[in-house]
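Please walk through this model one region at a time, with the sequence and coordinates at hand.

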Amino acid sequence: MTENTFSSFGKADNIKIRTLVNPSSISQLKNYNYPRRIEMQGIEQPIIVNDSTVNVYTPLDCDRFYAPQNNGFSLISVYHQGLPFTKDEIINGFYDTVGETFFIPIAYKQDRYIDYFLVKNQNDAMRELVRNKLQIQVKDWKLPLLIKIEISVSNNGHIKPRKSIGTFIIRKVKENSAVGILDLSEIQKEPEFVDMYISLRSLGVSKTFFDEINNIRGIKSSSNSNFRAMKFCNNEIQSLEPFKRLFDFKNIEVLDLSNNNITDVNEFNNLMGMNLNEIIINNNPVTNHPQFEQIVQKILPNLKTLNSKVIFSLSNMMNSIQNGNNDIPNVGDGTLIKSENLMQYRNRIEKIVNEKYWAQVTLHHNKRYTVQEIMKELSSNLLKEVHFYPCYLKRLDNYDEFYLYRNFDALRILFLNGLKIQMPKNSFTIDVHIRLNVAEYREGEVNWSSKIANVLKNRVKEDTLDLNDFPRDPEFSKLTVLLNSSKTLDYVLTLVKRINPNITRINAENCNISNCKGFECLFSFPKLYALNLKNNYISNLSDFSKCTSVVEVHLDGNPVCNKSSYDYIGHVRENFKEIVYVDGHRVYGQNRIVTHQNFLFNKNAYIVINAFVDYFFHLWDSFERSKVRLLYNDYSVFTMSVNYEFNEKNSSMTFAQIYPRIQNHMKFQRNLLKLSDMNSVASKVHIGKNNIAMVFNDMSRTRHDFSTFTVDVPFFSEEQRKIGIIVSGVFEEFLYNTEDNSLPYSFSRTFLFDVIDGNFIIKNDQLLLRQPTTAQMEMLRSGHRAATKNEIKEQCRVLLPSAFENQALKLSIFQKLTECSKSFCKKLLEDNSWDLKVALASFTYMMERNEIPDEKFKFK
């Protein structure tokens with residue numbers, strides 16, 4: 001077996017690939033005893049093999065490949081040497097190679113070292129295999145292939161993949177016609193495909209599949225079509241691009257895509273041509289996206305139900321009004337006021353406005369902005385201090401229209417602003433036209449105050465207020481409630497206080513809140529102790545300074561999380577004076593937390609990071625520490641520094657007892673300021689999993705205190721599969737595998753690792769050891785009690801790195817991530833004020849535009 005590397009991200013990402021493509025493997029492919037008769041499990045006839053005169057191609061001679069000219073069967077075999085690959089993994093390797101071509105293996109057989117199968121009428125797929133030198137990649141292995149052209153002629157009784165797809169769809173149409181649901185789920189288990197490996201993961205198969213659906217009469221939009229729904233569950237679907245072929249299926253209203261593998265929310269752009277009212281997409285990775293529902297609603301504005309949840313977006317409200325659901329009868333001309341004639345009415349507005357009548361407002365911008373953008377600007381800036389509740393909102397040809405009832409202050413501000421709305425984007429000015437007194441308010445029309453009050457009665461359950469997705473409550477289908485307005489938010493909380501002043505928990509998740517001034521009234525809930533503000537747009541917490549009773553807050557998915565762990569928790573503590581739990585984790589004496597969700601990250605990042613931290617440190621503390629080596633490879637690097645300044649106040653042991661144990665670590669350490677022999681620097685860099693394992697095994701047994709952990713994430717890239725994390729906390733070290741004479745350490749450990757096929761591969765591991773501070777020792781002795789303010793100050797003073805240390809750490813991390821020269825990395829960090837994330841964004845921007853000279857990619 002041989003090894004090589006290839007680059008998958010510019011010049012900065014080397015992934016180790018092993019290969020079985022060699023003369024010995026190819027010889028075994030050629031000499032394998034292939035069967036002379038291949039039986040079918042279905043009704044098709046067996047295939048008789050005659051390969052005495054056929055053309056055979058391998059990676060050594062694929063340059064002379066000629067595709068078959070007739071309609072016979074060809075054989076493809078793959079050599080895997082008994083490596084533990086499943087059939088699905090090998091087929092996925094073929095899918096990745098043949099791309100969008102039609103590819104369906106027939107009669108797939110598995111043997112100890114070789115798998116083989118047949119193909120028929122799949123010349124394009126074979127050409128793609130030849131173009132890739134007749135080899136596929138499965139995980140981190142390159143596997144050789146062999147092709148035998150036309151080993152058997154085809155007759156009428158033999159299997160035909162394309163025909164089988166058409167036969168299957170015709171049968172399903174007949175079976176499902178009565179119920180009106182075309183169920184094409186789990187096609188791999190259908191009898192037509194018993195001898196084929198068919199999966200809609202393959203774009204080539206999917207496109208053929210949908211082309212066949214298009215050819216079937218009785219499914220497309222027609223007066224006699226019964227079909228209103230389609231199901232494609234459990235089909236390994238990754239891309240929705242083939243669904244574009246269903247653009248003229250106007251009668252299909254429901255699409256079920258449950259239990260597939262859709263990961264990118266932008267895939268839903270491929271469904272824009274369909275008239276879907278409902279989509280079911282449970283158990284797909286894409287649903288973990290923090291803004292999944294909002295993005296899908298924006299792409300498919302007519303959608304009414306998503307994963308069995310009724311959604312009422314602004315777009316739905318507009319469309320319902322546009323389709324004739326405007327409940328204001330006999331709308332008259334009223335008094336039209338525009339910027340051109342505003343002066344003649346300016347002093348008479350209060351006399352003209354009749355609060356018992358509707359006012360019609362139109363916003364003219366020629367579709368330059370979305371409704372959401374305009375409503376956000378009005379609610380967060382121009383009209384944030386007044387009641388503003390647009391009713392019957394809709395978009396017409398070149399303008400938006402809504403009605404206001406008993407919102408005089410909002411009208412007054414619009415008049416005072418010259419009937420102009422200055423938008424921040426492109427500094428464009430929207431013209432506002434207002435028609436006063438267009439219709440008298442009648443019973444049964446939207447009354448915003450009673451609507452909100454009725455909804456809140458159902459949202460208050462005992463001592464809990466549930467405002468989750470409040471603006472999208474079904475009762476607000478004709479009313480726009482904008483909690484981003486401080487006036488609206490204050491009004492809602494005031495009504496809640498009348499219902500139950502003893503609220504203890506408030507859930508305001510997914511409410512589009514960025515302006516928190518309305519939360520200032522929370523001090524009037526004396527028993528409130530828990531606040532959930534997940535997935536909003538909050539960037540500052542100063543408006544919560546009066547919430548002295550709150551001890552638990554959740555802020556995941558807000559811009560305020562986009563800080564270092566220390567700064568983030570510090571900002572929370574500054575404004576929530578009595579806080580104990582942040583994002584579900586206890587906050588101790590210093591500003592630390594197990595983890596918090598950076599606004600720029602997705603949920604997948606935290607699943608991966610938390611899994612890594614939990615697995616690594618539990619394994620490290622166990623008697624099976626040697627297994628940690630499996631997380632490293634032959635190019636991994638481990639370094640350690642020790643800065644243990646003995647303070648007898650923080651230790652129950654004497655210096656004489658501690659010194660030999662510290663020296664055991666000192667022999668591995670690479671602190672340049674403490675090395676007496678600079679020639680030994682290179683020997684302190686431990687490279688390769690075997691060398692690293694030797695160092696680890698020489699260390700005493702430990703027990704990490706997970707409650708002290710801080711996990712910060714300076715870098716996470718799904719595309720590059722690279723993650724950088726810094727774990728800090730306290731652990732105890734034991735002698736001779738006992739828990740006697742435990743010695744505590746304060747540690748900081750920086751990992752740079754990749755995630756490949758679900759496995760962690762640590763590329764760089766840096767460990768720093770210090771003596772614990774007084775506050776940390778008190779926490780260990782007293783069962784982790786909260787530290788005093790003086791202890792917090794001391795902890796911060798000792799643990800916060802100096803400017804030099806902080807910059808040196810950032811430079812080291814940045815150089816490892818980019819693999820660029822030290823001088824180039826330092827210059828880029830300096831240009832971005834030593835902000836690691838901003839510098840990484842600049843680096844990515846320059847990489848995409850090929851603005852970095854090759855000589856900069858020299859790691860030295």
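Seven strands form an open sheet with mixed pairing, in the order E23-E24-E25-E26-E27-E28-E29. E23 and strand E29 (585-586) are at its edges with a single partner strand each, so one side of each has no neighbour in the sheet. Helices (H or I, at least four residues) and strands (E, at least two) are DSSP runs numbered from the N terminus, and two strands pair if DSSP finds at least two bridges between them. Within this sheet, E24 and strand E25 (residues 505-507) run parallel and are joined by three bridges. Asp466 has Asn507 in E25 as its bridge partner. Strands of a sheet pair through backbone hydrogen bonds, in either the parallel or the antiparallel sense.

The model is predicted: local features need pLDDT of at least 70, side-chain atom pairs count only at pLDDT 80 or more, and totals for chains, interfaces and linings use all residues. Residues are numbered from 1 along each chain as its sequence is written, and side-chain values use heavy atoms, with hydrogens and water left out.

The loop between strand E23 (460-461) and strand E24 (464-466) contains Glu462. Glu462 is not a glycine, yet its phi is positive, about 55°. Most residues other than glycine have a negative phi. With a relative accessibility of 72%, Glu462 counts as exposed; the cut-offs are under 20% relative accessible area for buried, over 50% for exposed, and partly exposed in between (1.4 Å probe, protein chains only). Asn437 is another non-glycine residue with a positive phi, near 60°. Asn437 lies in strand E22 (residues 429-440) and is partly exposed at 24% relative accessibility.

A second open sheet, again with mixed pairing, has six strands in the order E31-E30-E35-E34-E33-E32. Its edge strands, each pairing on one side only, are strand E31 (686-687) and strand E32 (701-717). Helix H17 (residues 689-697) packs on this sheet and touches strand E30 (632-643), E31, E34 and strand E35 (759-770). The direction of H17 makes about 35° with that of E30; axes are lines fitted to C-alpha atoms, for helices over the stretch in contact, and angles run from 0 to 180 degrees between N-to-C directions. Further along the sheet order, strand E33 (residues 722-734) and strand E34 (residues 743-756) are antiparallel and share twelve bridges. One of the residues involved is Ile726, whose bridge partner in E34 is Thr750.

Which residues does Lys689 contact, leaving aside its neighbours within four places in sequence? They are Arg629, Tyr632, Asn633 and Asp634, where contact means heavy atoms within 4.5 Å. Lys689 belongs to helix H17 and is partly exposed, with a relative accessible area of 27%. Between Lys689 and Tyr632 there are 57 residues of separation along the chain, while their C-alpha atoms are 5.2 Å apart.

Phe94, Thr97 and Val98 of H2 meet Ala125, Glu128 and Leu129 of H3.

Strand E9 (residues 135-138) and strand E10 (residues 141-152) pair in the antiparallel sense over four bridges. Gln135 has Pro144 in E10 as its bridge partner. The hairpin of E9 and E10 has two residues between the strands, and Lys139 takes a positive phi near 55° there.

Helix H4 (residues 161-176) has 16 residues, which at 1.5 Å a residue should span 22 Å; its end C-alpha atoms are 23 Å apart, in agreement. The expected span is 1.5 Å times one less than the number of residues. Buried residues in H4 include Ile165, Phe168, Ile169 and Val173. The buried residues of H4 pack against strand E7 (106-110), strand E8 (114-120), strand E11 (181-183) and helix H5 (203-215).

In helix H11 (residues 408-416), the buried residues are Phe408, Ala410, Leu411, Ile413, Leu414 and Phe415.

Of its 860 residues, 52% count as buried. Among contacts with a separation of 6 or more, 70% are between residues 24 or more positions apart.
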